[in-house]
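Colleague: I have a model open and would like to talk through how it packs. Can you take me through it?

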Amino acid sequence: MSILRRLPLKYRLPLIHGGLEAIALTRMGHWPRADRLSSGPLVVSGFFNESQGIGRGGRLTADAFEAAGYAVIRHDLRPCFRHILDQKAVLPGKGGVWLIHANAPETLVALMTHRSDQWRDRYRIGYWAWETPLAPPQWARLVRWLHEVWTPSAYVAEALAAALRAEGLDDLCGRLRVMPHPLLSAPPQADCARFGLSPDRCEVLSLFDVNSSPARKNPWASIEAWLMAFPEPPAHAALTLKASCLDTATQTRLTERIANRPDIRLLSERLSDEDMDRLMASVDIFLSLHRAEGFGLGLLEAMNAGVAVIATEGTGNDFLTPDNGYPVPARPVPLDDPDGPYSALPRNPAQVWAEPDIQAAADSLRRLVSDPTARASKRAAARATPARLSARWSAEALKVHDFNRWLDS
């Protein structure tokens, strides 16, 4: 195991995923070919105790079901990983609906670690996000074991559909459903003092998770746009880079790049959902010059907080428009993630992501930092966006879904 951890991701991930698939293949012969569905509870599995975006997404999904009047059993997936070999993980309840809010590799673990007699009578839904135009072939093959796959954006749905077509599984495309991340909470309250922010400055925030690929989240572009907009440290503005799961190499590179710039700071403190909401509400501008997003939950949370959003246009965050924010033009470039999780993807000309226009981002930063009226001009439209996207999670919208047939009345 220690040797495996020392391997670069582009070698390690195929070994891990290949090993999981190999173990799963030995069990799939015993997995049910025909379901015997029965009614029961709604179980939502996710990484409920973790601060990463996928954990936040799972909590939002469970919250939205409960807000619509559903009784939800929350089931934490992380303990299942201890049972890959012995299959002794226990799934609560019997029958009903099992929604697994985790990507395909973790969904495979969920199926593998529970004996099939625990889930063959359940209506199974995966909730997956992917960030490039073509999802991995392993993801497409796993769709066969689910009744539906929900995605946060049409971009992700098309990436999965493209993978299904490439695997000759076109007939499974009908199982895909677009269900944007629900964000039902009221706008959070600011707490500048808690995060060392000043109400007398224009505070700008950029978020990234190292586990989600620094090359994709692209914090370097946020720094370059800031330095281009402000060659000298401005007295009236500051940039905070909030990093999650920060490793030594990334921290060293970031620290070196922002040295001698007191207007740029790196914040790596682990924050709860509530603190993240308060941090977002305490800034004036949210900056995300990512190369790709499956959805862009941070952008939507900024809009909910009434914060001006400057972000790369396109991919999964197509809800960002000139009416509710400041999209940054981008050009498609070949995907290049030498040290991140996308390095393991087979080479394919379809695999591209976006290269944001740094000059355009710098121009927007310079204008918005100096003009509070411009920052506030799109606030109403921004705050209306989460409710518009969350409409698919209303009680009326959810009750037309097929999964309701298998829930206890």
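**Helix packing and the sheet**

Modeller: Helix H8 passes helix H12 in a right-handed crossing (the near helix is turned clockwise from the far one by less than a right angle). This is a predicted model, where local features need pLDDT of at least 70 and side-chain atom pairs count only at pLDDT 80 or more, while totals for chains, interfaces and linings use all residues. Residues are numbered from 1 along each chain as its sequence is written, and side-chain values use heavy atoms, without hydrogens and water.

Colleague: Which residues of H8 make the contact with H12?

Modeller: From H8 they are Ala 221, Glu 224, Ala 225, Trp 226, Met 228 and Ala 229. Contact means heavy atoms within 4.5 Å.

Colleague: At what angle do H8 and H12 pack?

Modeller: About 60 degrees, with their axes 8 Å apart. Axes are lines fitted to C-alpha atoms, for helices over the stretch in contact, and angles run from 0 to 180 degrees between N-to-C directions. Helices are DSSP runs of H or I with at least four residues, and strands are runs of E with at least two, numbered from the N terminus.

Colleague: New topic. What is the strand order in the open sheet?

Modeller: The order is S2-S1-S3-S4-S5-S6, with parallel pairing. Two strands pair if DSSP finds at least two bridges between them. The edge strands are S2 (72-76) and S6 (176-178).

Colleague: How many bridges join S1 to S3?

Modeller: There are 4, between residues 42-46 and 97-100. Ser 45 has Ile 100 in S3 as its bridge partner.
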